Amino acid sequence: MKSSVITFPGSNCDRDMDVALTKFGFKNKMIWHNDQELPKSDLIVLPGGFSYGDYLRCGSMASKSKIMNSVINFAKSGGLVMGICNGFQILVEAGLVPGVLLRNKYLQFICKNVHVKVDNKENTFFKNLDKKVLEFHIAHNEGNYFCTNDQLKEIEDNNQIAIYYCDQNGNTNDQINPNGSIKNIAGIFNKEKNVLGMMPHPERMIDESLSGEDGSIFFKNLLNNIK
Amino acid sequence: MSVNEKIAIEHGLKSDEYKKICKLLKRTPNITELGIFSAMWNEHCSYKSSRIHLKKLHTKGKKVIQGPGENAGVIDIEDGDAIVFKIESHNHPSFIEPYQGAATGVGGIMRDVFTMGARPIANLNSIHFGSTQNKKTKNLLRGVVHGIGGYGNCMGVPTIAGQTSFDRSYNGNILVNAMTLGLVKKDKIFYSKAAGLNKPVIYVGSKTGRDGIHGASMASASFDEKIEEKKPTVQVGDPFTEKLLLEACLELMSGDSIIAIQDMGAAGLTSSSIEMASKGNLGIEINLNKVPCRETKMTPYEIMLSESQERMLIVLESGKEEIAKKIFDKWNLDFAVIGKTTNTKNIQLFFDNKQVANIPVNTLVENSPMYDRKWKKSKLPKKNKINKTIFKSLKIKDTLKKILSSPNVCSKEWIWQQYDHTVMGDTIQKPGGDSGVVRIHKTNKAIAATVDSSATYCWAHPLTGGKQVVCETWRNLISVGAKPIAVTNCLNFGSPEKEENMGEFVECVQGISEACKYLDYPVVSGNVSFYNETKDIGIKPTPTIGGVGLIKDYKKMITMDFKEIDNIVLVIGKTEGHIDQSLLSRIILNENNGPPPEVNLFNEKNNGLTLLNLIEKSFIKSAHDVSLGGIITAISKMCIKGNKGIQIKKPKFLINEIEYFFAEDQGRYLIEINPKDLEEVSKILDKNSVHYDEVGKIIDKEMIIDQKTKLTIDELKSYNTNWLKSYMV
């Protein structure tokens, strides 16, 4: 399976994503933001970081870079696209997933492990996943998901919420919400569910010596689903 | 503007220093030249008060590839890999403008490391604030933490460890010391020594603005009530540009275009160009009209003294300009050929086709002032005669609660959760342990790093304090299973013009040197920050030591959390009951006098190396060094981390229980072992003449000290974790 990770100026999880994808059997290529064309890929990843310094608004300038035209076309034609952290912010700015990401509720960067509940398994990203609750890792300053009531209704009606922040037993409540996201939303799909944006970093959880191993479960499952 | 003595003094020079400049030049300098002299001869750049003493530091060792004198130190970690590391202060700017001061401190130290060709793999910091009752403390802490995170997080370099302390002596002068470790191949290290004639001198990175002019001079003076007016001398950081600069420099470094490279740190273009010329014994000619400027009508004086961030100066091989330019264009960074190397041994500056400065390089460097300032020796204070009946009135539980929730012991999670500590995917020991540990990417090796200081001990007796800090970092490394290799030091002191302060400096340096020598743990880099003083009140002497060690097989790394019920806990090293200068003495007994705990270097080395041997043999399940707050505080942290309890054995000692639990005797570690290994472990400890006592047995969720004194792990946790969070609300 072939994957491509886009490097924007200021991306800083591009290498980590490359390491993770390669570890679980993807043939990965790193693509420069200024390129026009995407190589043939089964999965495109927009990695975390601070593209263009997150100046103006997080992800906003990156969403206008050259390669994004191809990414948008790829997504519209049904190709799998995943945006992690800053990548999620770019997806939002590019209009590929609904809503916006505001500054964290307590106005602080947060780096820690969180649990997320996977609700919707009728998609390529989470299909066949054995676990309902995964332990992931977050590291962000602007992960507070927000959308209008109308949007929220549409998102819920279409089953577009991918993952929720929850406790280790899968309960979602305000106390467990790390950043103030509406409905504890940690990740969201587009209508067709071929585009996933999420704040947590599965690529930091791929080894027992790191923060945990649930990222390994996610990537292995993803690869099997694409095959 | 013609220059005279008055103007020179306004530039921070002393009258006799100005006379020396005129004598060296055999004429009066012009204003640009005066600016250059003042930048090169201030304390921050010239080390004029400290140089004579820094020479005494122990800097040599088998693993040292580069000692002090370069952008950073370099050590060998085998297999062709090397670690580049250094610590640096950004105290003065951080007090004036905490966010930008701290941010640019982090940016500056990372630049020092990647200038040498190394990719930064870990950041650490040691930050010190005034009393928690002080009105400014909260905002300064918040600003500094935001600044450190803002820069490091954006760079994508994990912040893996740190130290935070509060003490009244920092009320007017906070300390922000930032440390970075980078990884490089041994044969791809870059240095700042220029070589060859007529080689192009290249300027890359951000444009030059008027920010930070005289920053280095500001950092070489004490504060007064007009300190707010100095805000414009604080630089403004742009971590995004630095990230681009890092990637662009590393890309250029993978080829063979660079002869020498130097970042523009303190005193900007002035010190970078002069240092490269001085090391290469060459001259440099610069056309200042070619320097990319952010603002219009900048004068030669401003261009030379600007401390705009994220800039580098490079001496290239002739003919490589196009290759280099292409790389910097790709990363959207400014690139300009601004001059060339010459054989004049002078720095010559041109602006609008006129020569605006012409100074022999050696007058700025070798001939810069060096002072052997007067200093006062400290006597070892007399031991306090503590009335032991006081101990009887102390309840262990209440005392422990106070200590666990005291500002200098409590959990600093509120701080380090704001730092990205997991980016780069190799952090295997996060902040909150004895040392931070990162793997060397795609190998079985890992590097442990720690940063520490103990101003109270240094204040009570500088010589002992200096030794103690080195030993503390040594123990932090051993506790995670790392073999200590080398240190970097950041020496924060008051005014060197006062005999007491100078004495503190001299004796701390002596203590550091003795310990480093004995432990074969050399100093490879560092920085001195004097004049941490406001209205005549200086800080407590605060030498900060950053220690680095190697774990050959990262799977053998040790953490401090208790692992398994029924395992036995031993304390290695002798508990004599030293209470003076301990946390118990200061915050419970309100007694600030007396000597710090004695440091016995033989025991330190012997205990540490024996523990490493036990770790190597896989006997150790968890380990933690005993420091502030004594044995009981250390045990509490192991309980909290492991979510397990302990049944403590009644100490056999003749000393009082309070002394046993809270004494801060040095050279001690707590270790957890399986009961079946007790015999073998005792044999090894006995054979090496290491003193040890059995402390207790691990049980579930409760700390039982005696029948009457029991604490649940949740209680311990809440004492330890709540204070800082509620303070910062």
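In the predicted model, the contact between the two chains draws 23 residues from chain A and 21 residues from chain B, two residues being in contact if their C-beta atoms, placed from the backbone, lie within 7 Å. Three elements of chain A, namely α1 (14-23), β6 (110-118) and β7 (133-140), each supply at least two residues of the side that touches chain B. The most is given by β6(A), with 3 residues. By class, this side of chain A has 11 nonpolar, 8 polar and 4 charged residues; Ala, Val, Leu, Ile, Met, Phe, Trp, Tyr, Cys and Pro count as nonpolar, Asp, Glu, Lys and Arg as charged, and the others, Gly among them, as polar.

This is a predicted model, in which local features need pLDDT of at least 70 and side-chain atom pairs count only at pLDDT 80 or more, whereas totals for chains, interfaces and linings use all residues. Residues are numbered from 1 along each chain as its sequence is written, and chains are lettered from A and ligands numbered from 1 in the order in which they are written.

Chain A contains 5 helices and 11 strands, helices (H or I, at least four residues) and strands (E, at least two) being DSSP runs numbered from the N terminus. The C-alpha trace of chain A spans about 45 × 35 × 35 Å along its principal axes.

In chain B, 7 strands form an open sheet of mixed pairing, in the order β8-β10-β7-β11-β9-β12-β13; two strands pair if DSSP finds at least two bridges between them. Strands β8 (258-263) and β13 (354-360) of chain B stand at the edges with a single partner strand each, so one side of each is left without a neighbour in the sheet. Neighbouring strands are turned by 20 degrees against each other on average, direction ignored. Within this sheet, β7 (residues 200-205) and β10 (residues 311-316) of chain B pair in the antiparallel sense over 5 bridges, and Gly205(B) has Arg311(B) as its bridge partner in β10(B). Helix α3 (residues 31-41) of chain B lies across β12 (346-351) and β13, running at about 35 degrees to β13(B); axes are lines fitted to C-alpha atoms, for helices over the stretch in contact, and angles run from 0 to 180 degrees between N-to-C directions.

The axes of helices α19 (residues 462-479) and α20 (residues 499-519) of chain B come within 6 Å and cross at roughly 40 degrees. Residues of α19(B) in this contact include Val470(B), Cys471(B) and Trp474(B), and those of α20(B) include Ile512(B), Ala515(B) and Leu519(B). The contact residues divide into 11 nonpolar, 5 polar and 4 charged.
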